[in-house]
Amino acid sequence: MSELTEAAATIAREAAEKIMEVYVTDFEVRNKTDRSPLTRADMASHDVICSRLAGLTPDIPVLSEESAHIPYSTRKTWDQYWLVDPLDGTREFIKRNNEFTVNIALIRDNYPVLGVIYAPVKGLCYYAARNEGAYKQGNGTAHLRLRVKTSRDDSLVIAGSRSHGNKRQQAFFGKMGERVETIAIGSSLKFCLVAEGVADIYARFGPTSEWDSAAGQCIVEEAGGKVTDTGFNRLRYNAKESLINPDFLVFADPAFGWERRL
């Protein structure tokens, strides 16, 4: 797993370089059939990742946001597969606020066992593999082991979406009480805030796809946290026809007793 994780991180870094080549240009934005935005950077990253993963593990299929047409009748036969978001946070990319990532996860028996999140502008790589811990590395810096924080009633920090906030998210913030701090940030970086001990919880109310959460889930879980649906069941992958996630919760401290608040 450590060799696969290192290889996946290298591939994510290559994809990030392709993204940055587009980021500094006056790029065009198109809309997909679901009206979500698409840029040349999305496709350049997709092409690099899929090509490299096919060479790395030719027997393991790849499911990417930009190739999500594979039917469930085929997918349900997979015991493992790569799940990829070539550019998570395309809206943030378009806004040029630097809060976008490359997400690569390896799913085995419906759960992520490897996760890489690479932030191109920041040059930061978050990564984890099952039973091997979660880590963060910047350009030329040491690998830092990640651990979630211990949550306290009087100092909760909540991570929220930069571009996808809604009334349910605001109502959730209200349940957390008055003495809370909120951090708005784009893409899968919200998972990273929980994993590295900055935020106590990230709650997502509204549609996301499985490639949005898989890498982050592995990283948070290996850092000691949990990722569940709103019924507190661990988030699963490739277990149904739809690739849309349920509403989900990302907890830093499983012992805090979040159920009593929610």
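## A first look at the model

Ser 67 sits in the loop that joins β3 (62-64) to α3 (72-75); helices here are DSSP runs of H or I with at least four residues, strands are runs of E with at least two, and both are numbered from the N terminus. This is a predicted model, in which local features need pLDDT of at least 70, side-chain atom pairs count only at pLDDT 80 or more, and totals for chains, interfaces and linings use all residues. Residues are numbered from 1 along each chain as its sequence is written, and side-chain values use heavy atoms, with hydrogens and water left out.

Is Ser 67 buried or exposed? With 14% relative accessibility, Ser 67 counts as buried (buried means under 20% relative accessible area, exposed over 50%, partly exposed in between, with a 1.4 Å probe and protein chains only). Neighbours within four places in sequence aside, Ser 67 is in contact with His 46 and Val 62, where contact means heavy atoms within 4.5 Å.

Now to the loops with a positive phi. Asn 110, in the loop between β5 and β6, has a phi near 80°, a positive value in a residue other than glycine. Ser 187, in the loop between β11 (180-185) and α6, is not a glycine either, and its phi is positive at about 60°.

Here are the accessibility values of some residues met in this report.

| Residue | Relative accessible area | Class |
|---|---|---|
| Asn 110 | 24% | partly exposed |
| Ser 187 | 10% | buried |
| Glu 6 | 57% | exposed |
| Cys 50 | 18% | buried |
| Cys 192 | 1% | buried |

Next comes the interior. In soluble globular proteins, nonpolar side chains tend to be buried together. The largest nonpolar core has 39 residues, and Leu 83, Ile 219 and Val 250 have the most contacts inside it. A nonpolar core is a set of buried Ala, Val, Leu, Ile, Met, Phe, Trp, Tyr and Cys residues joined through side-chain atoms within 4.5 Å. Elements that give two or more residues to this core include β4 (80-88), β5 (101-108), β6 (111-119) and α7 (210-222). Apart from this core lies another, of 32 residues, among them Leu 4, Trp 82, Phe 93 and Phe 100. Residues up to four places away in sequence not counted, Ile 219 touches Gly 115, Ile 117, Tyr 126, Tyr 127, Ala 128, Ala 134, Leu 146 and Ala 195.

How many disulfides does the structure hold? There are 0, a disulfide being a pair of cysteine sulfur atoms within 2.5 Å. For Cys 50, the closest cysteine sulfur is in Cys 125, 18 Å away and so too far for a bond. Cys 192 also has its closest cysteine sulfur in Cys 125, and at 9.3 Å that is too far for a bond.

Last, consider the second largest pocket. Its lining divides into 6 nonpolar, 6 polar and 3 charged residues; Ala, Val, Leu, Ile, Met, Phe, Trp, Tyr, Cys and Pro count as nonpolar, Asp, Glu, Lys and Arg as charged, and the others, Gly among them, as polar. Which element gives the most to the lining of this pocket? That is α1, with 6 residues. Glu 6 is found in helix α1. The C-alpha atoms of Glu 6 and Tyr 127 are separated by 8.8 Å, though the two are 121 residues apart along the chain.
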